[in-house]
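Hi,

Here is the structure I promised to pass on.

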Amino acid sequence: MTDATQALGARIAADIAARADFDDCGAALADIGAAYDAQDAARAILAPARGGLAGRKIAWNGPGQADALGLPGPAIAPVYAALVHAAPARLTAADWSTFFFEPEIAAVLGADIPPRDGGWAPADMAPFIAR
(Lines give C-alpha, C1' and ligand atoms only; values in the text may rest on other atoms or scores of the structure.)
Protein backbone atom coordinates (compact mmCIF):
# COMPACT_ATOMS: atom_id res chain seq x y z
CA MET A 1 0.00 0.00 0.00
CA THR A 2 1.41 3.39 -0.93
CA ASP A 3 1.29 6.52 1.20
CA ALA A 4 -1.12 7.99 -1.36
CA THR A 5 -3.62 5.13 -1.10
CA GLN A 6 -3.30 5.16 2.70
CA ALA A 7 -4.07 8.89 2.72
CA LEU A 8 -6.97 8.42 0.30
CA GLY A 9 -8.40 5.68 2.51
CA ALA A 10 -8.14 7.99 5.53
CA ARG A 11 -9.91 10.76 3.59
CA ILE A 12 -12.70 8.39 2.53
CA ALA A 13 -13.12 7.18 6.14
CA ALA A 14 -13.28 10.78 7.39
CA ASP A 15 -15.90 11.64 4.74
CA ILE A 16 -18.00 8.61 5.71
CA ALA A 17 -17.75 9.42 9.43
CA ALA A 18 -18.74 13.04 8.75
CA ARG A 19 -21.58 11.95 6.45
CA ALA A 20 -20.08 14.19 3.78
CA ASP A 21 -21.47 14.23 0.27
CA PHE A 22 -20.05 11.53 -1.99
CA ASP A 23 -16.77 12.50 -3.60
CA ASP A 24 -15.83 10.34 -6.59
CA CYS A 25 -12.10 9.92 -6.11
CA GLY A 26 -11.66 7.38 -8.88
CA ALA A 27 -9.30 9.66 -10.80
CA ALA A 28 -6.86 9.46 -7.87
CA LEU A 29 -6.52 5.69 -8.27
CA ALA A 30 -4.09 4.05 -10.66
CA ASP A 31 -5.92 0.73 -10.91
CA ILE A 32 -8.26 -1.69 -9.15
CA GLY A 33 -5.42 -2.78 -6.82
CA ALA A 34 -4.98 0.79 -5.61
CA ALA A 35 -8.75 1.03 -5.11
CA TYR A 36 -8.69 -2.05 -2.88
CA ASP A 37 -5.71 -0.65 -0.97
CA ALA A 38 -7.65 2.57 -0.30
CA GLN A 39 -10.71 0.52 0.68
CA ASP A 40 -8.59 -1.54 3.10
CA ALA A 41 -7.18 1.65 4.65
CA ALA A 42 -10.69 3.07 5.10
CA ARG A 43 -11.97 -0.25 6.50
CA ALA A 44 -9.19 -0.37 9.11
CA ILE A 45 -10.26 3.07 10.36
CA LEU A 46 -14.04 2.53 10.18
CA ALA A 47 -14.41 -1.07 11.40
CA PRO A 48 -13.77 -0.57 15.16
CA ALA A 49 -16.58 2.00 15.49
CA ARG A 50 -18.92 -0.15 13.38
CA GLY A 51 -18.69 -3.37 15.36
CA GLY A 52 -15.89 -4.91 13.33
CA LEU A 53 -16.05 -6.70 10.03
CA ALA A 54 -19.11 -8.94 9.67
CA GLY A 55 -18.22 -10.15 6.19
CA ARG A 56 -17.90 -9.01 2.62
CA LYS A 57 -20.38 -8.36 -0.14
CA ILE A 58 -20.09 -8.73 -3.87
CA ALA A 59 -20.83 -5.72 -6.04
CA TRP A 60 -21.28 -5.48 -9.79
CA ASN A 61 -21.95 -9.19 -9.89
CA GLY A 62 -23.24 -9.30 -13.45
CA PRO A 63 -20.96 -9.10 -16.49
CA GLY A 64 -23.03 -6.22 -17.87
CA GLN A 65 -22.57 -4.18 -14.71
CA ALA A 66 -18.80 -4.67 -14.64
CA ASP A 67 -18.50 -3.97 -18.37
CA ALA A 68 -20.50 -0.75 -18.03
CA LEU A 69 -18.06 0.43 -15.36
CA GLY A 70 -14.97 -0.73 -17.25
CA LEU A 71 -14.08 -3.26 -14.55
CA PRO A 72 -12.63 -6.73 -15.07
CA GLY A 73 -15.32 -8.43 -12.97
CA PRO A 74 -17.19 -8.35 -9.67
CA ALA A 75 -15.84 -6.34 -6.76
CA ILE A 76 -15.96 -6.90 -3.02
CA ALA A 77 -16.67 -4.48 -0.20
CA PRO A 78 -16.72 -4.79 3.58
CA VAL A 79 -19.91 -5.25 5.57
CA TYR A 80 -19.72 -3.93 9.14
CA ALA A 81 -21.39 -5.80 12.00
CA ALA A 82 -23.31 -2.75 13.24
CA LEU A 83 -24.97 -2.42 9.84
CA VAL A 84 -26.25 -6.00 9.71
CA HIS A 85 -29.92 -6.27 10.63
CA ALA A 86 -31.44 -9.73 10.75
CA ALA A 87 -35.02 -10.06 9.56
CA PRO A 88 -37.39 -8.83 10.74
CA ALA A 89 -35.58 -5.54 11.11
CA ARG A 90 -36.89 -2.14 12.14
CA LEU A 91 -34.89 0.93 11.14
CA THR A 92 -35.41 4.59 11.92
CA ALA A 93 -35.19 6.99 8.97
CA ALA A 94 -33.62 9.68 11.18
CA ASP A 95 -30.54 7.47 11.64
CA TRP A 96 -29.64 7.82 7.96
CA SER A 97 -28.57 10.89 6.00
CA THR A 98 -29.95 9.45 2.75
CA PHE A 99 -32.47 6.74 3.39
CA PHE A 100 -32.81 3.94 0.87
CA PHE A 101 -32.72 0.18 1.00
CA GLU A 102 -30.14 -1.96 -0.73
CA PRO A 103 -31.14 -5.39 0.49
CA GLU A 104 -28.39 -7.95 0.59
CA ILE A 105 -28.89 -11.68 0.63
CA ALA A 106 -26.31 -13.40 2.77
CA ALA A 107 -25.15 -16.87 3.63
CA VAL A 108 -23.89 -17.09 7.19
CA LEU A 109 -21.00 -19.50 7.38
CA GLY A 110 -20.90 -22.07 10.15
CA ALA A 111 -17.35 -23.18 9.38
CA ASP A 112 -14.29 -21.70 7.73
CA ILE A 113 -13.85 -22.53 4.07
CA PRO A 114 -10.35 -23.92 3.60
CA PRO A 115 -8.34 -23.05 0.51
CA ARG A 116 -8.57 -25.66 -2.24
CA ASP A 117 -6.74 -25.92 -5.54
CA GLY A 118 -9.16 -24.83 -8.25
CA GLY A 119 -11.52 -23.17 -5.77
CA TRP A 120 -14.95 -24.37 -4.72
CA ALA A 121 -18.00 -25.05 -6.86
CA PRO A 122 -21.33 -23.67 -5.58
CA ALA A 123 -22.66 -27.21 -5.09
CA ASP A 124 -19.77 -27.96 -2.70
CA MET A 125 -20.50 -25.02 -0.40
CA ALA A 126 -23.56 -26.33 1.45
CA PRO A 127 -21.63 -28.01 4.32
CA PHE A 128 -20.07 -24.64 5.23
CA ILE A 129 -23.32 -22.65 5.41
CA ALA A 130 -25.08 -22.41 8.77
CA ARG A 131 -28.05 -20.41 7.46
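Below is what I found, going from the whole chain down to single residues.

One thing to keep in mind from the start: this is a predicted model.

**The overall picture**

The protein chain has 3 helices and 2 strands, and if you read along the sequence they come in the pattern α-α-β-α-β. Taken along the principal axes, the C-alpha atoms fill a box of roughly 40 × 40 × 30 Å. The chain has 131 residues, and 16% of them count as buried.

**The inside**

Which residues make up the largest nonpolar core? There are 5 of them: A13, A42, L46, A47 and Y80. Leaving aside neighbours within four places in sequence, L46 is in contact with A13, I16 and Y80.

T5 is another residue to look up. T5 sits in helix α1, which covers residues 3-17. Is T5 buried or exposed? With a relative accessible area of 8%, T5 falls under the 20% cut-off, so T5 counts as buried. If you again skip the neighbours within four places in sequence, T5 is in contact with A34, D37, A38 and A41.

**The aromatic pair**

The structure holds 1 aromatic pair. W120 and F128 form this pair, and their arrangement is edge-to-face. In general, a pair of aromatic rings is described by the distance of the centres and the angle of the planes. For W120 and F128, that comes to 5.1 Å centre to centre and 80° between the planes. The angle is over 60°, which is why the pair counts as edge-to-face. The two partners also have their own accessibility values: F128 is buried, at 13% relative accessible area, whereas W120 is partly exposed, at 28%.

**The surface**

Now turn to the outside. L83, L91 and W96 form a nonpolar patch on the surface, and together they have about 240 Å² of accessible area. To find L83, go to the segment after β2, a strand that spans 75-80. L83 has a relative accessible area of 43%, so L83 is described as partly exposed.

**Two more spots**

R19 lies in the loop between α1 and α2. What is phi of R19 near? The angle is near 55°, a positive value in a residue other than glycine. R19 counts as partly exposed because its relative accessibility is 49%.

The other spot is A44, in helix α2 (residues 32-46). A44 is partly exposed, with a relative accessible area of 49%. How far apart are A44 and R56, in sequence and in space? They are 12 residues apart in sequence, and 14 Å separates them in space, C-alpha to C-alpha.

Cheers

Key:
Residues numbered from 1 in each chain as written. Predicted model: local features only at pLDDT ≥ 70, side-chain atom pairs only at ≥ 80, totals over all residues. Heavy atoms only, no water. Patch = residues over 30% accessible without salt bridge, like charges linked within 9 Å, V, L, I, M, F, W, Y side chains within 5 Å. Areas by Shrake-Rupley, 256 points an atom, 1.4 Å probe, with all protein chains shown as cover. Salt bridge = Lys/Arg side-chain N within 4 Å of Asp/Glu carboxyl O. Helix = DSSP H or I, 4+ residues; strand = E, 2+ residues; numbered from the N terminus. Buried < 20%, exposed > 50% of the residue type's maximum accessible area, 1.4 Å probe, protein only. Core = buried A, V, L, I, M, F, W, Y, C linked by side-chain atoms within 4.5 Å. Contact = heavy atoms within 4.5 Å. Phe/Tyr/Trp six-rings, centres within 6.5 Å; stacked < 30°, edge-to-face > 60°.
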